[in-house]
Amino acid sequence: MKKCDNCFSSLHTSLYVVSQGSVLGPLLSIMYTTPLSILISSMSLNSHLYADDIQLFLSFHPSDLQTSITHLQNALTQMTSNRLSLNYSNKFLLIGIKRQLAKIHKSSTLIHYTSVQPTTV
């Protein structure tokens, strides 16, 4: 139970827990993320894994946007079938030079059953 100001969180009993700062924490994390890294690499995606955050990178030509989104959807389907939970509130980021970004229609798209709005830089 945790206290914040005058409010207490509810008590939750968990059957399986890894204490923060334990010796097993890093080992269990590696045991979980290694197969995930292999799966991501096998789908020709680049990734960055840090703690409980995974970022996927995919490079494509503007004319291949829909094909790339389909590829990303297939990857996310495989990842969720491996017990990965997705944060559906995230957006996806398109990075490129102005001339290439202008070729992409920036309407919302469906990624893993969720409508997301692209952000450009």
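1. Basis of the model. The structure is predicted, so that local features need pLDDT of at least 70 and side-chain atom pairs count only at pLDDT 80 or more, while totals for chains, interfaces and linings use all residues. Residues are numbered from 1 along each chain as its sequence is written, and side-chain values use heavy atoms, with hydrogens and water left out.

2. Overall fold. The protein has 3 helices and 8 strands, where helices (H or I, at least four residues) and strands (E, at least two) are DSSP runs numbered from the N terminus. Read along the sequence, these elements follow the pattern β-β-α-β-β-α-β-α-β-β-β. Of the contacts between residues at least 6 apart in sequence, 50% join residues at least 24 apart, a contact being heavy atoms within 4.5 Å.

3. Surface and burial. The protein exposes about 9700 Å², of which carbon and sulfur atoms supply 57%; accessible areas come from the Shrake-Rupley method with a 1.4 Å probe, and for residues only the protein chains shown count as cover. Of the 121 residues, 21% count as buried, where buried means under 20% relative accessible area, exposed over 50%, and partly exposed in between (1.4 Å probe, protein chains only).

4. The largest nonpolar core. This core has 9 residues in all, namely Leu 36, Leu 39, Ile 40, Met 43, Leu 45, Leu 72, Ala 75, Leu 76 and Met 79; a nonpolar core is a set of buried Ala, Val, Leu, Ile, Met, Phe, Trp, Tyr and Cys residues joined through side-chain atoms within 4.5 Å. Helix 1 and helix 2 each supply at least two residues of this core, and helix 2 gives the most to it, with 4 residues. Apart from this core lies another, of 7 residues, among them Leu 65, Leu 94, Leu 101 and Val 116. As background, nonpolar side chains tend to be buried together in soluble globular proteins.

5. Met 43 and Leu 72. Not counting residues up to four places away in sequence, Met 43 touches His 71, Ala 75, Gln 78 and Met 79. Leu 72, which lies in helix 2, counts as buried because its relative accessible area is 18%. Leu 72 and Met 43 are 29 residues apart in sequence, and their C-alpha atoms are 9.0 Å apart in space.

6. Strand 3 (residues 46-50) and strand 4 (residues 53-57) pair in the antiparallel sense over 5 bridges, two strands being counted as paired if DSSP finds at least two bridges between them. Asn 46 stands opposite Phe 57 in strand 4, and the bridge partner of Ser 47 in strand 4 is Leu 56. The two strands form a hairpin with 2 residues between them, and Ala 51 in the turn has a positive phi of about 50 degrees.

7. Ser 44 is found in the loop between helix 1 and strand 3, and its phi is near 55 degrees, a positive value in a residue other than glycine. Ser 44 counts as exposed because its relative accessible area is 59%.

8. A nonpolar surface patch. Val 18, Leu 24, Leu 27, Leu 28 and Met 31 make a nonpolar surface patch of about 450 Å². Patches are made of residues with over 30% relative accessible area and no salt bridge, with like charges joined within 9 Å and nonpolar side chains (Val, Leu, Ile, Met, Phe, Trp, Tyr) within 5 Å; a salt bridge is a side-chain nitrogen of Lys or Arg within 4 Å of a carboxyl oxygen of Asp or Glu. Leu 27 is found in helix 1 (residues 24-42), and it counts as partly exposed because its relative accessibility is 45%.

9. Ser 68 has its place in helix 2 (residues 65-80), counts as buried because its relative accessibility is 10%, and is in contact with Leu 58 and Phe 60, leaving aside its neighbours within four places in sequence. Gln 100 belongs to helix 3 (residues 98-101) and counts as partly exposed at 25% relative accessibility. Gln 100 and Ser 63 are 37 residues apart in sequence and 9.6 Å apart in space, C-alpha to C-alpha.
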